[in-house]
Amino acid sequence: MSSALTDLFPLPIVQAPMAGGVSVPQLAAAVSEAGGLGFLAAGYKTADGMYQEIKQLRGLTGRPFGVNLFMPQPEYADSAAVEVYAHQLAGEAAWYEIELGDPDSGRDDGYDAKLAVLLDNPVPVVSFHFGAPTSEVLESLRRAGTFTLVTATTPDEALAVQRAGADAVIVQGIEAGGHQGTHRDNPETDGTGIGLLSLVAQVRETVSLPIVAAGGIMRGSQIAAALAAGASAAQLGTAFLATPESGANALHKQALTNPLFVRTELTRAFSGRPARGLVNRFLREHGPYAPAAYPEVHHLTSPLRKKAAASGDAQGMALWAGQGHRMARELPAGQLVEVLAAELESAATALSALPKGGASR
Ligand SMILES: Cc1cc2nc3c(=O)[nH]c(=O)nc-3n(C[C@H](O)[C@H](O)[C@H](O)COP(=O)(O)O)c2cc1C
C-alpha cells in the first residue's frame, strides 16, 4: 500500500460506501475495528443526517473511517423523456397505490452543505462518486487533514482524477454492484465498461496515484489478484452488504444467494444512471426503455421502491449487487475482514511459491 493509505488502516480492505441505508455506522465501525477501512455513505442524506451518522460512528470507534459524497449532476436530463417514463410507470404506481415522486426534487444531493460540514469537522477519508471535484475542493480537504479518493471507470477518468489532485483513485470495474461512478453518463458508451483486472492494469500504466480496486471482489484471492495488478487496496460492497451489521433490507440480503435471482444487469430503470442489480421484474420490464436522467428517475421511482420494500416485494426493489453476489457470506463484518485477510495471505503465499520461470507444466 502507499504509505499514506498504510498509515490509515493496516489491511488493504475497504468496505464500500453504500447509500440507501446499507453502510450504517455499525457496519463501518466493525470494519474499521477489524483493521479495514469502514465507510459511511452520505448520498441521498441531508448534511445534518450525514453529520449525525459521523458522530454516531465516532462513538463506536476511534479508528479511521471514510465518508462518501455524490457529485452534483449537470443539467442535461431530457425532461420530455422523464415525462414519457413517468407515463410508462403509471401502471406500477396504480399497482403499488402510490403517487410517483417529483423528478425535480434536487440534483446536487446537498453537496455544498455536506462539504461545509466535512471542512468544519474533518474526517480521515472522503471519497467522491459520479465525477471529480475541483482542485480547490480537494486542496481544502487536504489542508483539513483529509485523505481524498475519487472513483474512475476508465483510464481517462483516472487521469482526470489525478489532474484534479486527489490522493488516490478508486478504480471501479464493470462487475461492481450499485451505481457505476462514471463521470458523465452517456448512453453511447453503454456496453463498453471494462472488467476490473484489465482496468486496474490500464490505470496503473496511466496514472501514478495509489489505486483502490472495486468490483465483484468476494474473496481474499481476488484481492491478491487486484494487488498483483497494481492496486494498493480493494473496496468491497456486495460482500459487506450480506453481513448482519449492514442496514440492507432483509429481502435484499436474502436475494443475493437466492437461486431465483440468477444474474445481475446494469440498468437505468430505478435511478436513470447505470447501476448493477439483481435482475427482477421491475428491472426486466422497465430497464429496456428507462432514460438517461439521473437523479430525476431516482426521485420518480423513490415511492415505488419504498412501497415495494414495505410490502415485502423484492420484485419491485432495487436489489443492487455485484457479479459475485452468489459468493456472499453472512459473517459478522469484523469476522469477514479477518477471513478475507487470511485468504489474501494464503493466496499471496501460493503466488510467491510459483516457479520463477513460470507455472510448472
Ligand atoms: C447497495 C450498494 C450501494 C452502493 N452505494 C454507493 C455509494 O453510495 N457510493 C459509492 O461511491 N459507491 C456505491 N456503491 C458502489 C461501491 O462503491 C463499489 O463500487 C461496489 O460495491 C463494488 O462492487 P461489489 O459490490 O461487487 O463489491 C454501492 C454498491 C452497492 C452494492
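**Ligand and pockets**

Reader: How far is an oxygen atom of the ligand from a polar backbone atom of Gly237?
Author: The model is predicted, so local features need pLDDT of at least 70 and side-chain atom pairs count only at pLDDT 80 or more, while totals for chains, interfaces and linings use all residues. Residues are numbered from 1 along each chain as its sequence is written, and side-chain values use heavy atoms, with hydrogens and water left out. Taking a polar contact as a pair of N or O atoms within 3.5 Å, the distance from an oxygen atom of the ligand to a polar backbone atom of Gly237 is 2.9 Å.

Reader: Which residue has a side-chain N or O atom 2.6 Å from an oxygen atom of the ligand?
Author: Among the 22 residues around the ligand (a heavy atom within 4 Å), those that come nearest are Asn68, Gln172, Gly216, Gly237 and Thr238. The side chain of Asn68 has an N or O atom 2.7 Å from a nitrogen atom of the ligand. The side chain that has an N or O atom 2.6 Å from an oxygen atom of the ligand belongs to Thr238.

Reader: What percentage of the ligand's accessible area does the protein cover?
Author: On its own, the ligand has 600 Å² of accessible area, a value from the Shrake-Rupley method with a 1.4 Å probe. Of this area, the protein covers 97%.

Reader: Which helix supplies the largest share of the lining of the largest pocket?
Author: The largest pocket (an open set of 1 Å grid points, with protein on both sides within 12 Å along at least five of seven lines) has a volume of about 1,000 Å³. Of its 45 lining residues (an atom within 4 Å of a point), the closest to its centre are Met18, Ala19, Gly20, Val22 and Trp320. Among the elements that each supply at least two lining residues are strand S3 (65–70), strand S6 (168–172) and helix H11 (238–241). The largest share, six residues, comes from H14.

Reader: Between which domains does the largest pocket lie?
Author: Both domains give residues to the lining, so the largest pocket lies between domain 1 (3–73 + 108–243 + 327–352) and domain 2 (77–107 + 262–318). The bounds come from an automatic or database domain assignment, and the two that the pocket lies between are domain 1 and domain 2.

Reader: Which strand gives the most to the lining of the second largest pocket?
Author: The second largest pocket has a volume of about 550 Å³, and Thr189, Asp190, Gly191, Leu266 and Pro274 are the closest to its centre of the 27 residues that line it. With three residues, the most comes from S10.

How values were computed: On a 1 Å grid over the protein atoms alone, a cavity is a set of points where a 1.4 Å probe fits but cannot get out, and a pocket is an open set with protein on both sides within 12 Å along at least five of seven lines; lining residues have an atom within 4 Å of a point. Grid points are joined across faces, edges and corners, and a volume is the space filled by probe spheres set on the points. Helices (H or I, at least four residues) and strands (E, at least two) are DSSP runs, numbered from the N terminus. A polar contact is a pair of N or O atoms within 3.5 Å; within protein, one must be able to donate a hydrogen and the other to accept it, and residues adjacent in sequence count only if both atoms are side-chain atoms.
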